[in-house]
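Biologist: I would like to learn how to read helix packing and nonpolar cores in a model. Please start with the handedness of a crossing.

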Amino acid sequence: MVERRIGLIMHGVTGRMGYNQHLVRSILAIRDQGGVTLANGDRLVPDIIIVGRDADKISRIAQRHNIARWSTDLDAALANPDDHIFFDAGTTLMRASLIEKAIDAGKAVYCEKPISDDLDVAVALARKAKASGVKHGVVQDKLFLPGLMKLKLLRDSGFFGKILSVRGEFGYWVFEGDWQPAQRPSWNYRKADGGGIILDMLCHWRYVLDNLFGEVKAVSCLGATHIPERVDEKGQRYKADTDDAAYATFELEGGVIAQINSSWTTRVRRDDLVTFHVDGTHGSAVAGLQKCWSQHRVNTPKPVWNPDIPQPIDFFASWEEVPNNWPVDNGFKTQWEMFLRHVAEDAPWEFGLDAGAKGVQLAALGLQSWAERRWLDVPALDI
C-alpha cells in the first residue's frame, strides 16, 4: 500500500455548510481515517489549504483543526501546481466566477449548488469545463441520505410497481431574528444577495426527481414571501424581498406527478425536516432523512368514509420500516470520496457541472412560472 497526496483548495469553509458538512464531516474525517482507498489498494490522502477573505476566521479554523496551510490569496493558491482540486461553498453570486478561474488554472472543480443564479452563465460554465477536459462535480447530497437510498432500493426491487406520484414536504420555521436568532443567514432572504428558496431548493429537487423517479419534463411553481421583514445578524431590521416558501408541481417522465412544498415558514409535524411519500400500483413508501417506511398492497387497509364516528383504523400500524441492511456514512463525505477517486483514478462519476446547470434551469423556470402564473416545459439543455 502506497500513500498518495492530493492537494485540495477549499474556499467558503467559514460558512455553516462549508465548515460543518464539507470541511469537518467530510475532508477532515477522510484525512483522519487515513485517506480514501483506491482500486489498487493505495491510500489517497487530502492535503488541504483553506482560503477566505477573513484572515482571523481562517487562521482560527486552521489552528482548531490542525490544518497546516491557510491563505487569503486565492490567486496564489490556484497558481500552486501541487494542488489539484478547487472546492467552493461560498456565496452563490461569487461561485461561477471562482469556478471559471479555477478551470482556467487547470484545477478539477467541485462545488455547492446552485452553480449560478443565471442559467446562461451556468450552461457556459458547464460547457467550459467540458471543453477544458478538467474533472468537475456538483454536490448532490440528498441522493446519499439513508432514507432516499432506501427509496431507491425499493424502486430498483420493483416494490412500487408503476410509480404514480411523489409528494415532498421540506422545511421548518426559521426564526425572524427578533426574539430568537435566525438559524439561517440573512442573505437567504435578500434577492440581491442570491437568496430565495426557489433558487436554493429547486436545484435539489431537480437531481432528486431526475435520479429517483423520472426526468422532470414540466413545472408549475408558486412562490411566496410570507414574512416581509426580518432581523439580521447585527440586530438590524431589513426587508425580506425574496421567496421564503415555494409550492411546486412537476410532471415527470413516464407520467409520474410530483408535488413538493418547500418552506422556511412552517412548523414541523411530520417524521423529519424533509419527507417524500411515493405511491405506486403495488406499494407505497414514506422516507425522511434517515428512515423509510413501506406499505405493500397486501398490507393496505380498506378505509370507508364515515365522518360520524372516530376513525377506527390506525393508519400507521400497517407500515413497516425498511431496515438498515448496509452501513451508511455521512452523505457529503460519501460523495467527496467518490469525487476524489474520480480525480485520482478516473472512477465513475455522473454529477458534473451539467447536472448543476439542470438544477439552475429548473429554479429559473420555477421563478418564471411564478411570475407568469403558468405551466412551463423543461427542455433538454445543450451542453
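Modeller: A crossing is left-handed if the near helix is turned anticlockwise from the far one by less than a right angle, and right-handed if clockwise. Here the crossing of α7 and α9 is right-handed. The model is predicted, so local features need pLDDT of at least 70 and side-chain atom pairs count only at pLDDT 80 or more, while totals for chains, interfaces and linings use all residues. Residues are numbered from 1 along each chain as its sequence is written, and side-chain values use heavy atoms, with hydrogens and water left out.

Biologist: At what angle do α7 and α9 pack?

Modeller: Two packed helices are described by the angle between their axes and the distance between the axes. Axes are lines fitted to C-alpha atoms, for helices over the stretch in contact, and angles run from 0 to 180 degrees between N-to-C directions. Helices (DSSP H or I, at least four residues) and strands (E, at least two) are numbered from the N terminus. For α7 and α9 (residues 353-372) the angle is about 120° and the axes are 7 Å apart. Angles under 35 degrees count as roughly parallel, over 145 as roughly antiparallel, 65 to 115 as roughly perpendicular and the rest as oblique. The pair α7 and α9 is therefore oblique.

Biologist: Which residues of α6 and α7 make their contact?

Modeller: Contact means heavy atoms within 4.5 Å. Helix α6 (residues 146-157) packs on α7 (residues 197-212) at about 25°, with axes 11 Å apart. These two helices are therefore roughly parallel. L148, K152 and R155 of α6 meet V208, N211 and L212 of α7.

Biologist: Which residues touch the most other members of the largest nonpolar core?

Modeller: In soluble globular proteins, nonpolar side chains tend to be buried together. A nonpolar core is a set of buried Ala, Val, Leu, Ile, Met, Phe, Trp, Tyr and Cys residues joined through side-chain atoms within 4.5 Å. Buried means under 20% relative accessible area, exposed over 50%, partly exposed in between (1.4 Å probe, protein chains only). The largest core has 81 residues, and M10, I50, W205, F213 and F250 touch the most other members. The greatest share comes from α7, with eleven residues.

Biologist: Is L252 buried or exposed?

Modeller: L252 is buried, at a relative accessible area of 4%. It lies in strand β12 (residues 245-252). Leaving aside residues up to four places away in sequence, L252 touches residues including L209, F213 and A258.
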